[in-house]
Amino acid sequence: MTAIKKSSTIQENKQYALEKCPVTFVMEKIGGYWKPIILYQLSNGDKRYSELKRAIPAVTEKMLIQHLKQLEADGLVIREAKPVVPPFVTYRLSKAGEGLIPVIEGMASWAFKMKDGAFNIETLE
């Protein structure tokens, strides 16, 4: 993979947006298709990898592992591995991740309203 040029205008603009726009900052952390779904599943409590995989059957193992690692690196998810055989690993939301629960619940609430026709798309009411 090639290194990103430090003088890249696109990278400068992205960095500026991350620093100045709170929505851009949040989307950098939880953007994508699977991250909000993973956070939603973990909002109900600690889960093992297999429980997450069962709860989100459409996600591939590669994507689930990749996003869990990214969420952990961003400080939103805590991975706890117990030293037993076979390995016992659980995932849970960190304090920062718990702070996103109202956002995720708001997204879910909005989705239910849209599905039920609570919003009139044609008139944007």
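Predicted model: local features only at pLDDT ≥ 70, side-chain atom pairs only at ≥ 80, totals over all residues.
Colleague: How many residues does helix 5 have, and what distance does helix 5 reach from its first C-alpha to its last?

Modeller: Helix 5 covers residues 61–73, which gives 13 residues. At 1.5 Å a residue a span of 18 Å is expected, and the model comes close to this, with a reach from the first C-alpha to the last of 18 Å.

Colleague: Which residues of helix 5 are buried, and what arc do they cover around the axis?

Modeller: The buried residues of helix 5 are Leu64, His67, Leu68 and Leu71. An α-helix has 3.6 residues a turn, so residues three or four places apart point the same way.

Colleague: Which helices and strands do the buried residues of helix 5 pack against?

Modeller: The partners of these buried residues include both helices and strands of the model. Among the helices they pack against helix 2 (22–30), helix 3 (35–42) and helix 4 (49–55), and among the strands against strand 2 (77–82) and strand 3 (88–93).

Colleague: What is the order of the strands in the sheet, and which strands stand at the edges?

Modeller: The sheet is open and is formed by three strands with antiparallel pairing, in the order 1-3-2. Each edge strand has a single partner strand, so one side of each is left without a neighbour in the sheet, and the strands in that position are strand 1 (47–48) and strand 2.

Colleague: How many bridges join strand 2 to strand 3, and which residue is the bridge partner of Glu80?

Modeller: Strand 2 and strand 3 form a hairpin with five residues between them, and the two strands run antiparallel, joined by six bridges. In strand 3, Arg92 is the bridge partner of Ile78, while the partner of Glu80 is Thr90.

Colleague: Is Thr90 buried or exposed, and what is its relative accessible area?

Modeller: Thr90 has its place in strand 3, and its contacts, leaving out residues up to four places away in sequence, are Lys47, Arg48, Ile78, Arg79 and Glu80. The cut-off for a buried residue is a relative accessible area under 20%. Thr90 is therefore buried, its relative accessible area being 11%.

Colleague: Which residue forms a salt bridge with Asp74, and how many residues apart in sequence are the parts tied together?

Modeller: One salt bridge is found in a search of the whole structure, and in the pair formed by Asp74 and Lys29 the closest N and O atoms are 3.5 Å apart. Both residues are partly exposed, Asp74 with a relative accessible area of 29% and Lys29 at 23% relative accessibility. Asp74 lies in the loop between helix 5 and strand 2, whereas Lys29 belongs to helix 2, so the partner of Asp74 is Lys29 and the parts tied together are 45 residues apart in sequence.

How values were computed. Residues numbered from 1 in each chain as written. Heavy atoms only, no water. Helix = DSSP H or I, 4+ residues; strand = E, 2+ residues; numbered from the N terminus. Expected span 1.5 Å × (residues − 1). Buried < 20%, exposed > 50% of the residue type's maximum accessible area, 1.4 Å probe, protein only. Contact = heavy atoms within 4.5 Å. Pairing = 2+ DSSP bridges. Salt bridge = Lys/Arg side-chain N within 4 Å of Asp/Glu carboxyl O.
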